[in-house]
Amino acid sequence: MSGKPEVTAEGRLDGLKWGLVFALVAAGAYGNYYFSAESILYRVVALLALGAVAGYIGLQTVKGGAFWNLVKDAKVEIRKVVWPTRQETVQTTLIVVAVVIVMGLILWALDSLLGWAISSLIG
């Protein structure tokens with residue numbers, strides 16, 4: 001064990017790819033500033049195009065591929081979720097609102113009581 005991290009064949013050029021992504025983002029920011037007199041539509045289209053290219057390059061890295069796999073797995077897990085019905089959602093919301101109102105009244109009463117007690121001690 002040499003203590004050096006092993007670089008796989010897939011990840012050899014990752015530093016270069018991330019540098020290119022950073023350069024594209026920086027070019028987009030500078031270009032948006034430099035062409036501030038141009039129409040906002042053209043600048044947005046250019047920024048979206050640069051963002052798409054930078055995102056594509058970022059996805060070609062090892063970490064980008066892992067992120068994309070995470071997104072795909074999250075979509076699969078979302079399909080497995082059992083979402084509440086409209087009636088369950090309304091009932092739960094009403095319970096939460098009622099608890100918030102009751103707690104607000106309790107805290108108001110406690111604050112008023114403590115305020116009255118402190119003012120009677122001082123005065």
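Visitor: M103 first: is it buried or exposed, or partly exposed?
Guide: M103 is partly exposed, at 42% relative accessibility. Buried means under 20% relative accessible area, exposed over 50%, partly exposed in between (1.4 Å probe, protein chains only). This is a predicted model: local features need pLDDT of at least 70, side-chain atom pairs pLDDT 80 or more, while totals for chains, interfaces and linings use all residues. Residues are numbered from 1 along each chain as its sequence is written, and side-chain values use heavy atoms, without hydrogens and water.

Visitor: Which helix holds M103?
Guide: Helix α4, residues 86–122. Helices are DSSP runs (H or I, at least four residues), as strands are (E, at least two), numbered from the N terminus.

Visitor: Switching to α1. What span should it have?
Guide: Its 21 residues should span 30 Å at 1.5 Å a residue. The expected span is 1.5 Å times one less than the number of residues. The end C-alpha atoms are 30 Å apart, so that agrees.

Visitor: Which residues of α1 are buried?
Guide: D14, V21, L24, G28 and G31. They sit on the same side of α1, because their arc around the axis is only 120°. The arc uses directions from the helix axis to the C-beta atoms.

Visitor: And which are exposed on the other side?
Guide: Among them are L16, F22 and Y30.

Visitor: How far apart are the C-alpha atoms of L20 and Q91?
Guide: They are separated by 52 Å, and the two residues are 71 apart along the chain.
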